[in-house]
Every structure is written in structure tokens, then in C-alpha cells.
Amino acid sequence: MKMKTEKNMKLRMRYCLLIILIINYYSVCIFAEPVFLREYCSGGNYTANSTYQSNLNLLLSSSLTVFRSVVSIVNEHRSASYGSEPDSAYGSYQCRSDLTSKDCEGCFDSVTGDILNSIRCPNSRQGIVWYEECILRYSNESFIPVVQEKPVFYIVNETKVTSNRDEFNKTLAGLMDELVRESTASEDSHQFATGEANLTESRKIYGLVQCTPDILSSDCRNCLNRVVRNLSVCCLGKVGARVLNPTCNFRYELHPFYESKVMNATAPQSSLPTSTNAKRKNSSGKFAIIMAVLSVIAVLCIIAIWCLCSRKASRKTKKFDKIYEIQSAESVQFNFDSIKAATDNFSTANKLGEGGFGPVYKGTLSDAQEIAVKRLSKNSGQGEVEFKNEVVLLVKLQHRNLVKLLGFCLDGQERLLVYNFMPNSSLDRLIFGPVPRTHLDWKKRYKIIGGIARGLLYLHEDSRLKIIHRDLKASNVLLDADMNPKIADFGMARLFKVDQTQASTNRIVGTYGYMAPEYAMHGKFSDKTDVFSFGVLVLEIIIGKKINDPAISGDLLSYTWRHWNNGTALEMLSSNLKDNHSESEVMRCIHIGLLCVQENAADRPTMAKIVLMLNNYSTNLPVPSVPALFSHSFKNHDFTWGANTDPSSVNEASITELFPR
């Protein structure tokens, strides 16, 4: 008991010491902790203790003052490099131009400290970190003074203007146009401007725009105009928003958020006489004292709250802010009315098909671009979690064999996903459709198999993330005008850690016949469950029959296995391929398909090996074992195949959320 009391006393003394230090600090100066906004990490990872890491640490280390001395400084913009090729580290740092040098230095210390301590972009060769007060970029490649159009991040206050919305939008557009002109009008503007515009006699909009001063004024103007144009799709009618870009950014609010360097967008402010400036300095001094006292009180409150709250709660983001991660200026949140107009109010004539979670419509935007719109049913199995899951994944993943997400729409209960329109529809319509597709010859089918394999390899190993699709099937493969396959429908996808090999779930999601046995019976899934689905898909493409086609005896896997063992595999070919195929390629693909659908997941090849098998004929293929659906152990298991479509079930997809936690 005595030991416990002593421990509590020591703890209280530490808290008191902390409070004294904070009060002492605030009595000397007023310094607000910089506010982190967003990070973007790319370029792969560097090797620990490598020359590049050493150069990067030297570049960023505030103790060595590389940025503070061996730099070019223009309007609080600094750039530097350290080391020699090929291990050079390049960096640039820009502070918001309305802040004091002390605030800028504080933000610099915070952002460099976060990177050096692996809090932001750990081990990444390239990174961009945005704070409220500053932005820091670093890279193993020179990027100065190159205009960088992406990534673009939107941070939107979802609170909507309640009255005179049209007038609000008009005033906002006018303010932003004026600020763009102000920021690029002359050399003295330093490509930065703040301003305000009157909404009513008592209400104003406040805005800020800024570019890195190392680019031309024309490039700054183009960059700002590009992001400002997207106000119409992301932010109109919202009380506040900001757009973050490596080269330029803007922000607007209904309250002042910048310091005293104001360029009024409606009428330039005249310079004040000296006496007025003196009065302002005296007022500022009194204000600083008041703020110091309030800050100490605030710190004490924060310490009390910190003692009561968990670390998780302390990391929560502002209540009304929703972050939409956008990889390019073209990928944005769409307005529901524009999608409604593009699809002719979701007319039956524009309906392309009906998926498991809702219908898909063809549409044409006002700029004549053709789109496909996936409209989630209100009572579908894919809820908001799955919707966010699919959006987040598709904006993060970029590959020629993955479907490209153009944007999304959240409007009340409406949840829409907008994709590039695929003129050749989905793969299942081509290989199983009622009308024979004679143009789908072997060359095209072989190309489709290879493209799907490369897309899965990217998901499993080559992207910055490790993704298990969990619902790969013919209807989830779309074909563009050149018959290039695009893997689609990531609502059921699961994100793995880089070194994670397997996971389990109590909710089995998927499609009859495509699910691997260990997943269907025990809820265990891994990259090998996708390999199983790929094997089924390969056999369907070659044979032209569905996994459960009633025209064949048993299922497609046992049907294929019997022909394979009997040496009559070529007799299974789709009628369109009988006289038009490469025998060696067909036999190799059937062989690979059977390797993929083996019952034991460990026996199935990885997607890396499959891509190698498809492209290198000198690679010897192992002998396949009995397919899963044909094995006695599986046939005797009491299990009913099928997807769980209970809308009340909780999807266990573990993906970085679209909205902040």
C-alpha cells in the first residue's frame, strides 16, 4: 500500500513539474502546436541505414540546420539537397506566408521531427506532409521547380449553408477568382493572397490561396484555377473547405483563420498611418498577455482531459471534417444531379446490368465523356462500410488491369460509384452470353488471362498495399475497347499488412463455385483464395462454360480433371476455339488453372509464379493434385455454398476509412 502511495505521489509530482514547465514556457512566448492535416508517401521504401537514409536525415535534421543555412529562401520557402547521386536527398519547405518566422520555424521543427521519428511516411523514399501552417516535401529525385498536379486532397466541412446558397456560391467563386488574380498579379504578391467578401452586413467569407514561389506566375495561376474549378463538385454550399496540392492550395471559411496580411477581394485596404500602427501594436501586446493566460488555462484543461481519455480518442479528427483522398484533379466527388442528368434519371434504356449490390447504368457527362454508374441498392448487402471500402481502395490503386474510379457520390441514402465506361461490357457476357462472340478468339482470351493475372499480382505484391479481392469472377472483370481486362468490384476486398499471410472471418462473402474450400468452410482467406478464384476463371475462359453449368456432369473442376487425366483436354474447348487456338498455350493454361484450384492452399502457386508460368515456357510446371470440389474430403463436408447476403451482417473489411476516425 505504501509503495502504491509513493508511486502516486511521484506521478503527481511529474504532472506538477510538467505544468510548471508549460506555464514557464508560455510566460516567455506564445506558440501554438502545428496542426497536422495530411501525408502522402510514395516512391517505395528505402533500405534501413542506407546512404539515402543518412542523407535524408542530414537534410531534415534541425540540429544540423541544413534547411536553415544551405538553402534558398523566398517568402518562407526553402529548398535544399544533400548528398550526391544516386543517393541525393532533395527537399523543400514552405510556410504559410501570413505567419511569423517563429511560427514557421516551429512548424518546420514539428514536421521534420515527425519524419525523422518515423511518425510520418516511415521509410518512404518520397513524402509530402501538410500541416496547417506549412508543407514539407522530400524525395530521392529532384522536383524543383516542377509543377506537380497530384496528389490532390480535399478536406471539406460537411455543414451546409442553410440559406441563400446560390448567392453564397456566387460570392465564393468571385472571391476565389479575385484571390487567384491577386496572388499572381505581380512579383510583390509572392504568389500568396488572403481576402474576404461580404455575404451579408454581418457575415463574410474568408479565403486564402498560395503557390510555391519557385514556379512561374502563369503556372501558379493554372494550378490554382485547376483546383478552384473543382469547387463546383466538392465544396459548393459547404461552409468551409480546403484543397491540398504539392504546388498550390486554397482554403475558405466563414471565420477568420489567417493573420493580419489581408488583401480584401472586394476593396484593397489602404495603408494605416503610423499612429494607428502604434495603437495596433499596443493592442496586440495586451491581446498577447490575455492569450497567454487563456493558453495556460487551456493547457491545464487539456492535461486533465488527457488523463481521462484514451490515446485513440485523442487522435480523432474534427467532427465535421471528411477527407476525400483524390489522386488527380479529375477524380472527385460528383454532384447527384449531374449523375442523374447523365443517366437520364437512371432510365431503363441506360441500364447495363444488375450486380449483387445494385444496378449499373451508362451515362454521358456534359463534356461528352461516357461513364458507368454503379448505384447501390438501399437494401443491398453492400452498406456504407463496403462503399467507403471500395472508394478508398480504388483511389489508392492504379494499374492498367484494374478498373479506374472517376469519382463517387454520397447524397442522403444515395451511394454511387462512377467509373470509366467499358464498351465491351463484362467478361461473363462475352464468354457466357446467348449470342456467340466469334471475335473472342484464342489470342484475345490469352491476353485477358494474362491481364487478370497481372492485375492480381499488383494487388497481392506490387502495390503499396496488399489486397485480397475475395470476389474475383467473370462478371467482375470488365473489358475496354481494346479488350484489356479490368478487375472491378472491390466492395468485399480486404487489406492485409505487408507481412500478413492469412486472416479469418465469420462472414463468408463471395460467389458460388469461386470460393476456395478453406474460406468457404472455415472462413480462412489469403492471397491463395484469390488464386483459387483465378483458376476457376481461367478454366471458364478456355472452356466457355460456367463453374456450375448444368450441361456438364458435376462441376467444371471435376469435368476438367476427368478430361485432363484422360488426355482429352482439348475436347473441352469452347466451340469458338476448336479451329483457332495454340495447342501449347491452351494446354499450359489448363495446367495452370488446375494448379490454382488444388484443395490444399499451400500447393497453389502465387500470382508471381503464375505470371512467370504464363510468360516463360522454359518454366517446368508441377503436376496438379485433385481439384478441391472433386476431393472426397470436401464432398463429404456438410456445407452449403453461397454468398452471405444478410444486410444486417457487419462487413469485416479492414481498410483505411474514407472518413477520419
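Buried, in this presentation, means under 20% relative accessible area, exposed means over 50%, and partly exposed lies in between, with a 1.4 Å probe and protein chains only. The model is predicted: local features need pLDDT of at least 70, side-chain atom pairs count only at pLDDT 80 or more, and totals for chains, interfaces and linings use all residues. Residues are numbered from 1 along each chain as its sequence is written, and side-chain values use heavy atoms, leaving out hydrogens and water.

Strand β9, residues 204-211, pairs with β11 in the antiparallel sense over six bridges, where pairing requires at least two DSSP bridges.

I turn now to the aromatic rings. Rings of Phe, Tyr and Trp (its six-membered ring) pair if their centres lie within 6.5 Å; planes under 30 degrees apart count as stacked, over 60 as edge-to-face and the rest as tilted. The whole structure holds twelve such pairs. In one of them, the centres of Phe-36 and Tyr-131 are 5.7 Å apart and the planes stand at 70 degrees, so the pair is edge-to-face. Phe-36 lies in β1 and Tyr-131 in β5, so the contact ties together parts 95 residues apart in sequence. Phe-36 is partly exposed at 28%, whereas Tyr-131 is buried at 6%.

Which relative accessibility does Tyr-206 have? The value is 13%, so Tyr-206 counts as buried.

How values were computed:
Helices (H or I, at least four residues) and strands (E, at least two) are DSSP runs, numbered from the N terminus.
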